[in-house]
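Dear colleague,

I am handing over a structure for you to look through, and below it I have set down what was found in it. Please keep the structure open while you read, and take the sections in order.

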Amino acid sequence: SKTLKLAVIPGDGIGTEVVAEGLKVLDVAAGRHGLAFDRVEYDLGARRYNATGETLPESVLAELRGVDGILLGAVGDPSVPPGVLERGLLLKLRFELDHYLNLRPVKLFPGVATPLAGKGPEDIDFVVCREGTEGPYAGAGGWLRQGTPQEIATEESVNTAFGVERIVRDAFERATKRANKVTLVHKTNVLVHAGGLWQRTFDRVAAEYPAVTTDYCHVDAASMFFLTQPERFDVVVTDNLFGDILTDIGAAIAGGIGLAASGNVNPARTSPSMFEPVHGSAPDIAGQGKADPTATVLSVAMLLDHLGEDKAAAEVEAAVSADLAARGSAVRSTSQIGDALAARVAG
Ligand code: NAD
Ligand code: IPM
Ligand code: MN
């Protein structure tokens with residue numbers, strides 16, 4: 001049997017609730033494949049910040065660098081000013097661990113209701129390769145004359161040749177294992193500097209993949225096509241902010257934010273990758289057992305897959321698929337869904 005080190009960051013709000021269910025399912029799947037997870041839970045998020053002022057202590061970051069994988073719930077809480085935890089914890093982890101691929105599948109499972117009339121599972125099955133370390137998230141910018149009527153606030157988008165090329169390459173590689181199509185989404189008609197770099201890089205890499213069909217959409221049109229022609233997409237590659245917004249749309253068309261999984265991946269494996277649902281801490285439903293843990297369970301499947309445990313990953317995904325197909329209108333609690341998924345994995 002094999003032992004892997006897993007860091008668990010439940011975080012805030014429903015993060016703690018959904019992570020508990022994700023771990024339930026992980027334990028069952030691991031047990032069936034002779035895998036053991038040596039788990040260390042980290043108390044990071046609003047409670048820690050409010051008690052100590054810390055978001056991500058250096059000592060914790062150093063420990064995290066040494067694990068095989070990280071499972072995260074969600075961060076952000078109404079008791080903490082916006083940005084403190086999002087930037088100081090979540091983005092800090094993505095940047096420090098060089099999670100340049102934010103991989104977000106958009107997949108409609110059979111039996112799941114989509115708001116898109118006339119569309120089914122065969123129409124909604126693509127992945128978004130969202131750049132994870134640059135763009136408008138980089139933190140460049142600032143204020144002039146802050147708080148005055150003459151205030152000027154800037155938020156610069158940082159795009160490096162190195163950073164753009166590696167995510168674009170990942171998208172093309174990924175397409176060769178899917179339906180051989182990559183769509184670049186940007187706003188090259190307005191954001192000419194960053195857009196120019198993305199388009200030129202995309203075209204240069206595309207020339208190395210003659211079997212892959214390419215497409216380009218401005219992000220406004222892409223938002224529309226997600227709703228009107230989702231079948232148009234196989235692999236979407238885009239910048240950090242466009243990818244953030246598009247993947248909430250992606251979640252909505254594929255059955256809702258409670259089902260959307262993601263991986264903050266370091267494909268070069270120079271540091272551990274981190275898996276988390278696309279959704280946030282949902283303060284509006286936190287503590288009520290109402291959160292759907294399915295997105296976290298699917299993120300656990302992505303974690304297993306990343307760790308080379310593809311059989312275990314497939315079993316977890318199959319359990320989710322079967323549960324989704326059987327879901328009626330009965331309302332189940334967070335732990336009831338987790339129990340049902342764990343039972344299905346157990347077989
Ligand atoms: P959110 O995703 O937390 O919630 C949006 C809506 O979706 C809410 O109505 C919520 O109840 C619902 N929802 C979310 N997850 C659900 C689930 N699993 N089951 C059922 N319903 C679910 O987004 P928000 O309200 O914009 O943000 C709340 C906080 O979360 C903010 O502090 C934000 O910064 C943070 N956030 C964190 C992450 C993350 O940790 N990756 C992601 C998004 C938002
Ligand atoms: C997400 C979230 C984060 C993002 C926030 C909380 C920093 O919205 O994971 O999608 O914008 O990436
Ligand atoms: Mn988001």
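**The annotated binding site**

In an unreviewed UniProt entry, the feature "binding site" is placed at D220, D244 and D248. Although these positions are spread over 29 residues of sequence, they cluster in space, with a largest C-alpha distance of 14.3 Å. Please bear in mind throughout that the model is a predicted one.

D220 lies in helix 7, which covers residues 219-228, and D220 counts as partly exposed because 13 other C-beta atoms lie within 10 Å. D248, in turn, belongs to helix 8, residues 240-253, and with 14 C-beta neighbours inside 10 Å D248 is also partly exposed. If its neighbours within four places in sequence are left aside, D248 is in contact with I257 and V278.

The protein chain contains 11 helices and 12 strands, and its C-alpha trace spans about 55 × 50 × 40 Å along its principal axes. A compact globule of 347 residues would have a radius of gyration near 20 Å, and the chain, with 20 Å, agrees with that. Of the 347 residues, 46% count as buried. Among contacts between residues at least 6 apart in sequence, 76% join residues at least 24 apart.

The unreviewed UniProt entry also places the feature "domain: Isopropylmalate dehydrogenase-like" at residues 5-341. Over residues 5-341 the chain is 41% helix and 23% strand, and the end C-alpha atoms are 23 Å apart.

**Helix 9**

Helix 9, residues 294-306, has 13 residues and reaches 18 Å from its first C-alpha to its last, which is close to the 18 Å expected at 1.5 Å a residue. Is helix 9 largely enclosed by the rest of the structure or largely exposed? Because 12 of its 13 residues are buried, helix 9 is largely enclosed. Among the buried residues are T294, V297, L304 and H306. The buried residues of helix 9 pack against helix 1 (14-32), strand 3 (69-74), strand 11 (261-265), strand 12 (273-277), helix 10 (310-326) and helix 11 (334-346). After helix 9 comes G308, with a positive phi near 85°.

Most residues other than glycine have a negative phi. R145 counts as exposed, because it has 10 C-beta neighbours inside 10 Å.

N180 is not a glycine either, yet its phi is positive, at about 60°. N180 is found in the loop between helix 5 (161-176) and strand 8 (181-186), and with 15 other C-beta atoms within 10 Å it is partly exposed.

With best wishes

Definitions and conventions. Residues are numbered from 1 along each chain as its sequence is written. Chains are lettered from A and ligands numbered from 1 in the order in which they are written. This is a predicted model: local features need pLDDT of at least 70, side-chain atom pairs count only at pLDDT 80 or more; totals for chains, interfaces and linings use all residues. UniProt positions are given in the numbering used here, feature names are shortened, and annotations may be inferred rather than shown by experiment. Helices (H or I, at least four residues) and strands (E, at least two) are DSSP runs, numbered from the N terminus. A residue is buried if 20 or more other C-beta atoms lie within 10 Å of its own, exposed if 12 or fewer, and partly exposed in between; C-beta atoms are placed from the backbone. The radius of gyration is taken over C-alpha atoms; the globule rule is 2.2 Å times the number of residues to the power 0.38. Two residues are in contact if their C-beta atoms, placed from the backbone, lie within 7 Å. The expected span of a helix is 1.5 Å times one less than its number of residues.
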